[in-house]
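Colleague: Please put the model up, and then I will ask about the terms.

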Amino acid sequence: MKAGKDKVIAIHYTLTVDGDKVESSHDRDEQLWILLGHGQLIPGLETALEGHQAGDTLSVDIAAADGYGEREEGQIQRVSKKYFPQANRLKPGMTTVLSLKEGGQRAVTVHKVGMSTIDVDLNHPMAGKTLHFDVTIGEVRDATEEEVEHRHAHAPGAEAH
């Protein structure tokens, strides 16, 4: 079976940027389960996976535009410390998660820490970078109706939530 929209795939991957390993599913010894066609992956990686099947390995470079986007100047914003978990431990250059007023979260980079506020760069920490993925596809299957409805894959043993 080939990977495509409304297919669930299980992958092992290693992400490197400029030759440095950023993260790897091998470190957790756990495959990543994805429902294709529902925005769970950056566009370039999702496109690269389409048409592949279980057992395939691929090595793919994703340009910034097809990853986390190009860096945009003027994206520094001053935010109250109350929106950050463990705000007092943050230092310039660190990546953290910003809780948004409208709900959800966003990865940001700390630019400057003040007494009651933190200046953050709203560009995604990987914005403007070419991403290199080494991927092994472990499984490809049809998504269940529930997975399509929920817009995400359910790993074995995690079907009910």
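Colleague: What makes the lining of the largest pocket nonpolar, polar or charged by class?

Modeller: The lining has 12 nonpolar, 2 polar and 1 charged residues; Ala, Val, Leu, Ile, Met, Phe, Trp, Tyr, Cys and Pro count as nonpolar, Asp, Glu, Lys and Arg as charged, and the others, Gly among them, as polar. This is a predicted model, in which local features need pLDDT of at least 70 and side-chain atom pairs count only at pLDDT 80 or more, while totals for chains, interfaces and linings use all residues. Residues are numbered from 1 along each chain as its sequence is written, and side-chain values use heavy atoms, with hydrogens and water left out.

Colleague: Which residues lie nearest the centre of the largest pocket?

Modeller: Tyr 13, Leu 15, Glu 23, Tyr 68 and Phe 133, out of 15 lining residues. Strand 1 gives the most to this lining, with 3 residues.

Colleague: How do you know that Val 135 touches Leu 45?

Modeller: Contact means heavy atoms within 4.5 Å, and Val 135 has Leu 45 on its list, along with Ile 11, His 12, Tyr 13, Leu 49, Asp 56, Thr 57 and Leu 58, not counting residues up to four places away in sequence.

Colleague: Which residues of the largest nonpolar core touch the most other members?

Modeller: Ile 9, Leu 45, Leu 49, Leu 131, Phe 133 and Val 135, of 22 residues. Strand 1 (7-17), helix 1 (43-49), strand 4 (57-62) and strand 9 (131-142) each supply at least two residues of this core. A second, separate core of 10 residues includes Phe 84, Ala 87, Val 110 and Leu 122.

Colleague: Why is it called a nonpolar core?

Modeller: Because the set holds buried Ala, Val, Leu, Ile, Met, Phe, Trp, Tyr and Cys residues joined through side-chain atoms within 4.5 Å, where buried means under 20% relative accessible area (1.4 Å probe, protein chains only).

Conventions. Buried means under 20% relative accessible area, exposed over 50%, partly exposed in between (1.4 Å probe, protein chains only). Helices (H or I, at least four residues) and strands (E, at least two) are DSSP runs, numbered from the N terminus. On a 1 Å grid over the protein atoms alone, a cavity is a set of points where a 1.4 Å probe fits but cannot get out, and a pocket is an open set with protein on both sides within 12 Å along at least five of seven lines; lining residues have an atom within 4 Å of a point.
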